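Try each task before you read its solution.

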Amino acid sequence: MSIATTDLFSLGLDERDRLNKELGGGIPPGSIVLIEGDYGAGKSAMSQRFTYGLCEEGHQVTMLSTELTVGSFLDQMHSLDYDMVEHILDEHVLFLHADIGDSNTFSDEDDGGERMDLLKRLMDAEVMWESDVIIIDTFDAILRNDPKFEALVRKNEERQAALEIISFFRDIIAEGKVIVLTVDPSTLDEDAIGPFRSIADVFLELEMIEVGNDVRRQISVKRFAGMGEQVGDTIGYSVRSGTGIVIESRSVA
């Protein structure tokens with residue numbers, strides 16, 4: 001059953017692209033959104049589009065990036081014509097850079113060189129969870145570089161570790177907030193990513209399809225609980241410099 005679109009977190013930009021309309025008018029409050037895609041599929045661009053559109057609609061957003069610093073974030077957003085400077089100055093968005101390096105080099109110099117307990121630090125960062133929408137791009141990088149999660153993976157207990165994180169997420173969304181996670185599924189074992197797929201209220205898979213000499217991108221909507229208007233099952237899109245996300249075609253479920 002559809003819910004009133006006024007209850008949704010609108011992704012905005014209705015006059016510019018059709019993404020919000022294709023996704024039924026926005027994201028239902030109290031949702032976990034999982035955006036999956038291989039390297040280069042457009043996860044970061046999609047999370048940046050979500051961030052900008054949500055801010056334009058007056059929502060408070062936390063954007064945590066494992067790849068971009070605040071400077072490179074602003075440069076990237078500017079290249080997509082998503083100007084975030086005023087939103088940052090007006091505190092509509094809290095941008096955070098997670099400098100995690102990689103599993104072989106990441107260390108905390110203030111902690112004797114030992115690798116940080118990233119997930120605990122994430123959950124203890126109270127300020128980042130105060131926003132209406134919290135976006136983590138990319139979440140798999142945090143999982144892969146967390147020493148306790150990695151240790152549980154070696155013991156084949158990654159599912160239990162995932163369930164503990166999910167319990168924390170459920171407490172957050174119980175307040176009507178939305179958590180958006182981007183994940184590269186090729187970097188995680190099925191037992192690690194499976195629980196997140198199972199609990200996601202909205203599950204979007206970004207795919208790259210070869211058609212002749214062209215590579216086309218599409219959003220495959222695997223699940224969309226609490227949708228507003230009808231949601232397309234497959235949504236073609238592209239990422240263009242100076243324009244951002246552009247919806248190319250639509251197929252309705």
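**Exercise 1.** Work out which residue in E5 stands opposite Ser-31.

Solution. Ser-31 faces Val-178 in E5. A quick note on ground rules: this is a predicted model, where local features need pLDDT of at least 70, side-chain atom pairs count only at pLDDT 80 or more, and totals for chains, interfaces and linings use all residues. Residues are numbered from 1 along each chain as its sequence is written, and side-chain values use heavy atoms, with hydrogens and water left out.

Next, step back to the strands (DSSP runs of E, at least two residues, numbered from the N terminus). E1 (residues 31-37) and E5 (residues 178-183) run parallel, joined by six bridges; pairing takes at least two DSSP bridges. E1 also pairs with E6 (residues 202-211), again parallel, over five bridges, and there Ile-35 sits opposite Leu-204.

**Exercise 2.** Classify the ring pair Tyr-52 and Tyr-82.

Solution. Rings of Phe, Tyr and Trp (its six-membered ring) pair if their centres lie within 6.5 Å; planes under 30 degrees apart are stacked, over 60 edge-to-face, the rest tilted. The whole structure has seven aromatic pairs. For Tyr-52 and Tyr-82, the centres are 5.1 Å apart and the planes at 25°, so this pair is stacked. Tyr-52 is buried at 9% relative accessible area, and Tyr-82 is buried at 0%.

How values were computed:
Helix = DSSP H or I, 4+ residues; strand = E, 2+ residues; numbered from the N terminus. Buried < 20%, exposed > 50% of the residue type's maximum accessible area, 1.4 Å probe, protein only.
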